[in-house]
Amino acid sequence: MFGFGVWINAIWILLFAIFHVSLSNYSEDQCSWRGSGLSQQQGSVEQISLHCSEGTLDWLYPKGALRLTLSPRLPSVAVGPSGSSSGLITACVKPSEQFHGAQLYLERDGVLELLVGDRLESSPPPRVRCFSRLPGERVALFLQATPHQDISRRIASFRYELRGDWTARLSLDSNPISSEDACRPCNNTEILMAVCTSDFVVRGNIRSVVEDENLRAAVIKVSATRVFRQKYALFTGNSRLSSRGEIRTLLQCGVKPGPGSFLFTGRVHFGEAWLGCAPRYKDFQRAYTIAKAAQQIPCELPVD
């Protein structure tokens, strides 16, 4: 009888261990997933569901396939910088530089579109890819392992973000928007809304602009004289009068260094600051003063 009880306990411990391993693939907040293809059968498809606006997926030793659905807890209606609402959600994926062993597809209503191919050792770094989803539209990400004799060094890894349709303006991928729209100066309504909704709002000067051909982006090096708001520690420094940071924008916008004070606003995109509206500070002051007198400002800002 004693031996039977030990045997039963051993089975329960084994089942608990298997159950724990199966759950440990997900992060505690259901934002990220990490797993191995070694436990998958050839030709099988593992279903994964994540529920955050950003996170990561790491697939070690890819084998078979993964189908990932993103069900973030976002507001049902997205609001753009002009105050308009469309309900459109933009998702972006940023593959790691060592993305190997799989191909990443967008699955939209049963049709697959290749986003990221399996990379060779000599291939350039993969690009950020973005796509939009309308409310109620069935969209998923599908990862298909590619056959290799040696899968020991293969890892398919990427980060993802989901935002409202206004952040398509920040994308490195040229598909969501035209460069003409991305580089268009903001009107007064868009500027005032950007002050309220941006991840960072900073007054400062342009020290220099560096072109990054690989990213197809211009890196604006900024000396910030006042940080009104920042979601992350983007602008830092030891000086009480000034801090420094970098803001990226599309290369085709042709940003050049020049004199004067600007109000920089924008969003954080995969840990980097991306430019939204950037009027000259005196122009922002004028628009803010007129809107405040007419009681038409969407939020308060301590303007000098």
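This is a predicted model: local features need pLDDT of at least 70, side-chain atom pairs count only at pLDDT 80 or more; totals for chains, interfaces and linings use all residues.
Which hand, left or right, does the link of C92 and C130 have about its S-S bond?

1. The opening question first. The link of C92 and C130 is right-handed, with 105 degrees about the S-S bond. The sulfur atoms of C92 and C130 lie 2.1 Å apart. C92 belongs to strand β5 (residues 89-95) and C130 to strand β8 (residues 129-133), so this pair ties together parts that are 38 residues apart in sequence. C92 is buried, its relative accessible area being 4%, and C130 is buried as well, at 6%.

2. Now for the wider set. The whole structure holds five disulfides. Counting bonded cysteines along the chain, the pattern reads 1-2, 3-4, 5-8, 6-9, 7-10.

3. Another disulfide to look up is the one joining C31 to C52, with an S to S distance of 1.9 Å. Its torsion about the S-S bond is about -65 degrees, so the disulfide of C31 and C52 is left-handed. The pair links distant parts of the chain, 21 residues apart: C31 is in the loop between α1 (2-23) and β1 (33-36), while C52 is in the loop between β2 (45-50) and β3 (54-60). C31 has a relative accessible area of 11% and is buried; C52 counts as buried at 11% too.

4. C186 and C277 also form a disulfide, with 2.0 Å between their sulfur atoms. This link of C186 and C277 is left-handed, at -85 degrees about the S-S bond. Here the two cysteines are 91 residues apart: C186 sits in the loop between α2 (179-183) and α3, and C277 in the loop between β15 (272-275) and α4. Both C186 and C277 are buried.

5. That brings us to helix α4, which covers residues 281-293. Its 13 residues reach 18 Å from the first C-alpha to the last, close to the 18 Å expected at 1.5 Å a residue. Buried in α4 are Y281, F284, A287, Y288 and A291. Seen down the axis of α4, the buried residues fall within an arc of 125 degrees, so they line one face of the helix.

6. What surrounds that helix? The cover over the buried residues of α4 includes α3 (188-197), β11 (200-212), β12 (217-230) and β14 (262-269). On the face turned away from the buried side, α4 carries the exposed residues K282, T289, I290 and A293. After α4 comes Q295, with a positive phi near 55 degrees.

Technical notes:
Residues are numbered from 1 along each chain as its sequence is written. Side-chain values use heavy atoms; hydrogens and water are left out. Helices (H or I, at least four residues) and strands (E, at least two) are DSSP runs, numbered from the N terminus. The expected span of a helix is 1.5 Å times one less than its number of residues. Buried means under 20% relative accessible area, exposed over 50%, partly exposed in between (1.4 Å probe, protein chains only). The arc is that of the directions from the helix axis to the C-beta atoms. Contact means heavy atoms within 4.5 Å. A disulfide is a pair of cysteine sulfur atoms within 2.5 Å.
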